[in-house]
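Please keep the structure in view while reading.

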Amino acid sequence: MTAPIMALRGVNKSFGPIDVLHDITLEVRAGEVLCLLGDNGAGKSTLIKIMSGVFQPSSGAIEMDGVNVTLPNPRAASEKGVATVHQFGGTFPLMSIGRSFFVGVEPAKGWGPFKVYDRKRANAIAVKAVQDFGITRIDDGDRLVGGLSGGERQSLAIARAVHFGARVLILDEPTAALGVKQATHVLRIVNEAKKRGLAVVFITHQVMHAMAVGDHFAVLIRGAVAADFKKGEKTREEITDLMAGGASMASLEAEIEGYMASHGGHPPQPAE
Amino acid sequence: MSSISFGGLLRRPEAGAALGLIAVLIFFAIFGGITFLKPGGMASWLNVAANLGVIAIPLGLLMIAGELDISVGAMVPFGAMTVAVISGHYGLPIWLGVAMALTFGVIVGLVNGFLVIKTAVPSLIVTLGSLFAVQGIVLGLTVLITKSTSVALATEGPAKLIFGDFVLGGQLQVMVLWWLALTALYVFFVHFSPFGNWIFAMGGDKVSARNAGIPTDRLTMILFVLSSTSAAFVGMCQAILYNSAQVAGGQSFIFNSIIAVVVGGVLLTGGFGSVVGIFLGTITFAVVTQGIYYTDFDRNWSSLIIGILLLAAVLMNNTFRKMALSYAPKKGGKA
């Protein structure tokens, strides 16, 4: 078995006295979608910030292709092929598709100090990259990004990351703000990225979306990996339950049942 | 594609500015005749536009990048006073005065940029602070050194010719040439060189821009240095032109340049605008303030026209921006 593209080994992260992540061990493999599930505040965003070089782990190691690496900043991470696409697409609403696509790596023609931004080439490459992902409605690179739908913007951002050589694609709640149809678009693109051999880390708290594309699931509760399982090993209800903090949910139910048994079947009064 | 069509032109950031300028020109042509479009009349508003424009473009770039710099209002007298005190009061070489004026511009720009980056305090507040601080320095030091609030400066030779003289028949300030040259330079760097893209990206979404590998901190510093140095440059040139410098004055540049920039189609929240738009906005502003002299109206009304113009320009620019956003060659564009 080949080494995973990216692996976290016993990663801890604390901010001063507050421990945010405990002993996280995760692996992301090529052509596989790892779904990172967890409620708000479970540490998902801290975890992806460590993977994308924004934060440094307090202890533990990050491996890429089986070799220990440090990711001192987002740039170093993206040079190693780790790309993060955030909820709002990481695109610029008032820029054209072509310009937005090439931010930071603008293609130029000409020579010396007279290098000129190559609009035609940028537009052509950007439109082709997005269309290759199946978003055929984008066909004019001069259109402004803000005129695209949420799903199209996400797709543009993902296509951009893939075009610039991402090997690990971290998607931070890409479907959270989208309607059903738009979300389907994005999920299709996640599948396409997977088919191209990328390792995808898909962060969400929508279990349905996770189950549609995930190969591997990790549930994060209060900064620790509470469950780590493969596709088909758990049902939707089990996963939802886990995310809601499984154990505490079960104990709450037991408590209520106990109260009802001793109070003639009446549930407890809601707290005031 | 359809980028040369009428609709395509309307979707450009400078569309509102161009239409506004045409409207203003027609207005003054009707009420004041075309005198202000003849060479003598043109010089009057071109001089105003040039001094304003040299500051408005870098300020506009800052606004496109999502920042603001109102300390330019203090940098104009600072630049003027620096050159006047060094080369006028102390009688040192003019080039030393010029170099010092520009150096102070760079320093204040660096301080502004540094504070904005490190404290994350909105740049309006940071530069409001530096506006007053620099005003205090100018007034305090000038009175301390010269015992006066006005300092004379006599310049001769090439420095006078380059920075503060009249050209082309003696009515046009040399600043007009600086303005045109700098505008051409800015147009190239902002709209044609690959770097211009970074400014727009930064104003559109700073975090994404940084994630895309754009050195946002360095770019912020550069833009602040550019705006305060440009303001110091204008002040310095005015001192050389008029052979004297005053501690007051310059505050009008704050609002005037913001008006020129906004009329020029720059979005206050950043990410949208163009150098050509700012250029046109500056001309529009200058034509309104100067054109009023060629009409029978009392000049006190010019502020009313500017106020209306500003509101109309913002509304028009909003409309055009919506058009640009919702533009799609086929179906499917949702704003």
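The structure, a predicted model, holds 2 cavities of 30 Å³ or more. A cavity is a set of points on a 1 Å grid over the protein atoms alone where a 1.4 Å probe fits but cannot get out, and lining residues have an atom within 4 Å of a point. Volumes are the space filled by probe spheres set on the points, which are joined across faces, edges and corners.

In this predicted model, local features need pLDDT of at least 70 and side-chain atom pairs count only at pLDDT 80 or more, while totals for chains, interfaces and linings use all residues. Residues are numbered from 1 along each chain as its sequence is written, chains are lettered from A in the order in which they are written, and side-chain values use heavy atoms, without hydrogens and water.

**Cavities**
- The largest cavity has a volume of about 40 Å³, and its lining includes B:Asn51, B:Phe163, B:Asp165 and B:Cys237.
- Helix H11 (residues 216-242) of chain B gives the largest share of that lining, 3 residues; helices are DSSP runs (H or I) of at least four residues, and strands (E) of at least two, numbered from the N terminus.
- The second largest cavity holds about 30 Å³ and is lined by B:Arg12, B:Pro13, B:Gly265, B:Phe272, B:Asn317, B:Phe320 and B:Arg321.

**Contact between chain B and chain A**
- Chain B brings 35 residues and chain A 31 residues to the contact, where contact means heavy atoms within 4.5 Å.
- The two chains bury about 2600 Å² between them, 57% of it on carbon and sulfur atoms; buried area is the accessible area (1.4 Å probe) lost on putting two parts together, summed over both.
- B:Pro194, B:Asn197 and B:Leu325 supply 22% of the area that chain B buries against chain A, more than any other three residues.
- There are 0 salt bridges between chain B and chain A, a salt bridge being a side-chain nitrogen of Lys or Arg within 4 Å of a carboxyl oxygen of Asp or Glu.
- H9(B) gives the most to the side of chain B that touches chain A, with 5 residues.

How values were computed
1 Å grid on protein atoms, 1.4 Å probe; cavity = no way out; pocket = protein on both sides within 12 Å on 5 of 7 lines; lining within 4 Å.
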